[in-house]
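Dear colleague,

I am passing on the structure we spoke about, with the sequence alongside. Please look through it first, and then read the notes below.

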Amino acid sequence: LITVTLARLALSPVYRTHREQLPPRQWVQVFAIGAFFTGAIWGLYVPLFAPSSTTLGLGMAVLWPCGIAAGALAAYTIVPFVFFALVVPMLGAPSIYLLASHEPPIQLTGVGMACFFAFLALVVTLSYRSQRAHLITILTNTRLTRELESRHAAIQRLNSELEERVADRTR
């Protein structure tokens with residue numbers, strides 16, 4: 001985890017100094033790759049700690065990545081691709097691991113984790129749609145406001161010209 005975090009931090013100045021050299025979509029892809037590896041490392045907590053843990057240990061091994069995934073929801077809602085790159089290995093793979101167990105309590109934990117993953121996927125999808133619609137509305141309103149200001153200025157100019165003509169005729 002430290003290695004992946006340090007690698008991601010090392011790329012931060014590269015992004016700042018070379019931001020213009022790659023289109024934003026490619027930077028998002030690089031960021032998503034880092035998120036994927038981070039999610040994979042957090043996802044390893046379940047297979048590493050679940051087999052030998054007590055019920056409390058299993059719960060902690062599951063709750064830790066679930067909490068991180070819930071926090072990532074707020075940060076990555078606007079870029080669902082990155083959210084899924086992080087959360088699929090963090091929650092999806094461990095859910096499958098737990099579901100493959102032969103012990104019913106562990107399988108039930110896997111069902112819970114899979115349900116939480118599905119819930120987060122639904123929330124991030126709906127939140128993204130809502131935020132996207134909101135941003136489109138803001139951009140549309142900004143464009144319409146500029147257009148209205150431009151027309152208003154043109155109307156004021158025409159009104160001034162008309163007032164000058166009327167004043168010239170009445171003299």
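Read along the sequence, the protein chain follows the pattern α-α-α-α-α-α, with six helices and zero strands (DSSP runs numbered from the N terminus, helices being H or I of at least four residues and strands E of at least two). This is a predicted model, in which local features need pLDDT of at least 70 and side-chain atom pairs count only at pLDDT 80 or more, while totals for chains, interfaces and linings use all residues. Residues are numbered from 1 along each chain as its sequence is written, and side-chain values use heavy atoms, leaving out hydrogens and water.

As to overall form, the C-alpha trace spans about 100 × 35 × 20 Å along its principal axes, and buried residues (under 20% relative accessible area, 1.4 Å probe, protein chains only) make up 24% of the 171 residues.

Leaving aside neighbours within four places in sequence, Met113 is in contact (heavy atoms within 4.5 Å) with residues including Val46, Val62, Pro65, Cys66 and Leu98. Val62, Pro65 and Cys66 are also among the buried residues of H4, as are Leu58 and Tyr76.

Best wishes

Notes: Buried means under 20% relative accessible area, exposed over 50%, partly exposed in between (1.4 Å probe, protein chains only).
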